Amino acid sequence: MDATVKSHFIGQDAGHAGTKGLVLWRPTAKTGLMSWLTTVDHKRIALLYGLFAIFFLFVGGTEALLIRLQLAVPNNTVLTAHQYNTMFTMHGTTMIFLAIMPLNSAFFNFIMPLQIGARDVAFPRLNAFSLWTFVAGAIILNLGWFMKDGAPDAGWFGYAPLTSKMYNPDHSIDMWVMGLQILGISSVAGSLNFIVTIINLRAPGMTMMRLPVFTWMTLITSFLIVLAFPAITIALVELMMDRLFATNFFEASNGGMPILWQHLFWVFGHPEVYILILPAFGMISEIMPTFSRKPLFGYPVVVFSGAAIGFLGFTVWSHHMFTTGMGTVATAAFALATMAIAVPTGVKIFNWIGTMWGGHIRMRLPMLFALGFIWMFMIGGFSGVMHAAAPADAQQQDSYFVIAHFHYVLIGGSLFAMLGGLCYWFPLVFGRQMSERWGRIAFWIIFAGFNVTFFPMHFLGLNGMPRRTFTYDGNLGWNTPNLISSCGAFFLGLGIAIFFITFVYGMLKGAKAPRDAWDARTLEWSLPNPVPEYNYAVIPTVHARDALWYQKHHADEIRQEEEAHAKEEDAHGGIHMPFQSFYPFVATVGIFIASWGIAVTDHSSNPAFWTPKVTVTIVGGAIMLLGFYLWSLEGADGYHIHVKEEKKSHS
Amino acid sequence: MSSPAATVAIDHHHDHTTSTGIPNKKLLLWAFLASDCMFFGTLISTHLIYRLHPVPGGPDPRHIFSIELTSFSTFILLMSSLMMALAVNAIQKGNVRSMRASLLTTAFFGAIFVGCQVYEFHHFVMEKHLTISNSLFGSTFYTLTGTHGIHVSIGILWLMSMYFFSFKKGFSERNAVDVDSMGLYWHFVDIVWIVIFTAVYLLEFI
Ligand code: HEM
Ligand SMILES: [Cu+2]
């Protein structure tokens, strides 16, 4: 990255004498393809996460447009029923696991270490591993498009027995299972890393109650991932056992209970929706104070309500199963718990409004998206509470009303916040500004397109249009709303396209952004843009909640402190940077091949035909183990960069 | 800081300056074990739910289990935890030799446990005709205990890697955190087994 960086291998003191003998090739390229495949820098990993996530946002978007095209008019035949099933399955799976979650990971990776004053995450190579396993899982999931078996077609929730060998004999479900399984590994590995980073690598003075809210939400989200994903991992293991080894977990004819799948799935699935929205809450809580020029109103309440949402998220899963006949007591309990979740959620909205209250509001692009978020998310929250009333939900379940609800929270909520976040941190990441004018045009098209698409769905749902239906009859009264909705969808797509064209243009040609472009409050903005490889030349000391704001008003004190620290760090031999590594990538290649073996390679009940499957799987497993082993043997050494030389080259 | 450990995912160049004083590696393991709790929790729940709704005419576990053998292997596994604790204690005092002996014993006891499980599975399939696919009980039983067996096997691999690694020059009490983290994993796997032993085996006999 930096031509002036002088790096050298650290001296091997007595304790490290052994490492030398291992003769492992350390990649050192700082540019070119190899540097990206072996990078362990959290900022580069974040950029790759973002790149892939935006790519899949467009893949998922295309699938959505095909769905809306098919539903635009009654008795349409653009898609067959089966193609329609693959479209909505892949659309849901792609948007949740390959677009929104990784885009959140991109933010976590880039922003969180900077906000807490860290040089990197706690385990840089594990971080690279999370990235590559995400890519591997995404490829496995989408492999079906290029194979004769086709893409997965049993819905993103994969309800039993739709996924059983009997109803779905081909490989599409195997690919879905293995793809999700690998994505689970990726998410859990990433989250463990973030948890350790936030708890252990905070700059001096950065107490937990001084953490920026975005970092807090990263922490809570990471805990949700670590605790919720095992449920779906086991569900998928059981499903895979059913499919490969004829076990009976979800096999009703042998006593298995398909309803168990629903429980396991939603024990994961409901926390998952908070995994998708809590980062958005974090971003809004950064944007609001900056553009209202006031500290966040009620910081402790925002943090604790986030934690409360995270906790309650585990207690409400059965509200997705009101119509499965759980009995009145269970139904009432889950309805109450669900309504309780609306309380901390509502509290947050009041906090944001309280932040704006009496502030000097600057209506820049990120703020516009934040306001759009509040409005859209509130509508989604209201329909959520409507579902929470079990008798009402009995009517709404599996209708377009539910579709309207979760798109208001997922697009109007998560995606809006993230688009706002992209505009907000843009100057820090790319050192340039996005065009405010084109950004606004994109915002209004997205805002209008989104509402035109999804608002009519409330009425369609209440008028009885079921979800997951590939077409409908012309005389049910659904024609006009459907047509409006489809037109809105294409308008929404146009808006998103304009947004990302503006984004890329700004990245390449935008006006140069000054340091601290928005006059912001949190630590990451104290850095020059683009951010140097080692983040902080001198680790800052934190004195207040809005750390940068404090620094800006206590400049002298901070300067003295920095000088003292610089001396100290130099005495330690400079800034310690981790080496790049091949092995996270190698291990991932192994995992990819192994899951290819399990999911894609053919087999039958005749043992002889198992050979290719087992062989491919074992080869993949061996490569994976080799990758892990070399990874552990190469050790966690690194090189040093000296602050003084660095400071000169940056000032 | 210290040398590479024979385990994945151990980068800890920050260890000397963590905010909490807990080494990163250990915190990582704690968080991972929290996740693993949910993992086993889900498997055990599945098993228990299906035991509460047994299929009529299904196999009777009391006729299948040989509780003496399983009690023995459980005892051995518990003893291995003791050995693991001794290993950690030894390395914390810088006694590499004693640590190696304890590590080997731990791995050996672990291997006896896995051996018993292999025998048990073989016996159940061959003599008691309980397979993974011919009954719901078989499906949940083998999946749950098999998953635990895989955890133990990974632990043995880890122990052995650490054992061989300890012969490299410079291995000293500075590696205590590596051994300690591995110990956490091993104890966790043991505790999980006690829960499984109680919920899957002993509950059948009350
Ligand atoms: C005030 C807070 C919320 C409440 C009370 C609430 C309530 C509900 C209820 C009761 C359902 C089940 C409806 C049914 O299937 O009949 C539901 C579905 C759903 N909700 Fe929410 N929700 C809330 C917030 C959110 C958030 C923040 C998200 C995501 C970011 C979300 C995403 C979803 C999704 C994806 C579904 C449908 C899942 C499916 O069937 O495929 N919800 N919500
Ligand atoms: Cu839910």
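The model is predicted, and UniProt, in an unreviewed entry, places the feature "domain: Cytochrome oxidase subunit I profile" at residues 30-543 of chain A. This span is 68% helix and 0% strand, and its end C-alpha atoms lie 35 Å apart.

**Exercise 1.** Identify the protein donors of the copper ion (ligand 2) and describe where they sit in the chain.

Solution. Begin with the donor atoms, which are ND1 of A:His270, NE2 of A:His319 and NE2 of A:His320, lying 1.8 to 2.0 Å from the copper ion. Next, read their spacing in sequence, which is H-x48-H-H. Then place two of them: A:His270 lies in helix α7 (residues 258-292) of chain A, whereas A:His319 lies in the loop between α8 (299-312) and α9 (328-356) of chain A, so the pair ties together parts that are 49 residues apart in sequence. Finally, apply the cut-off for burial, under 20% relative accessible area: A:His270, at 5% relative accessibility, counts as buried, and A:His319, at 14%, also counts as buried.

**Exercise 2.** Characterise the residues that surround ligand 1.

Solution. Start from the distance between the sites: the copper ion (ligand 2) and the iron atom of ligand 1 are separated by 4.7 Å. Then consider the shell of 21 residues, the closest being A:Trp156, A:Asp393, A:His405, A:Phe406 and A:Arg467; it divides into 12 nonpolar, 7 polar and 2 charged residues.

Definitions and conventions
Residues are numbered from 1 along each chain as its sequence is written. Chains are lettered from A and ligands numbered from 1 in the order in which they are written. This is a predicted model: local features need pLDDT of at least 70, side-chain atom pairs count only at pLDDT 80 or more; totals for chains, interfaces and linings use all residues. Side-chain values use heavy atoms; hydrogens and water are left out. Donors are N, O and S atoms within 2.8 Å of the metal (3.2 Å for Na, K and Ca); water is not among the atoms, so sites may look incomplete. Helices (H or I, at least four residues) and strands (E, at least two) are DSSP runs, numbered from the N terminus. Buried means under 20% relative accessible area, exposed over 50%, partly exposed in between (1.4 Å probe, protein chains only). UniProt positions are given in the numbering used here, feature names are shortened, and annotations may be inferred rather than shown by experiment. A residue is near a molecule or strand if one of its heavy atoms lies within 4 Å of it. Ala, Val, Leu, Ile, Met, Phe, Trp, Tyr, Cys and Pro count as nonpolar, Asp, Glu, Lys and Arg as charged, and the others, Gly among them, as polar.
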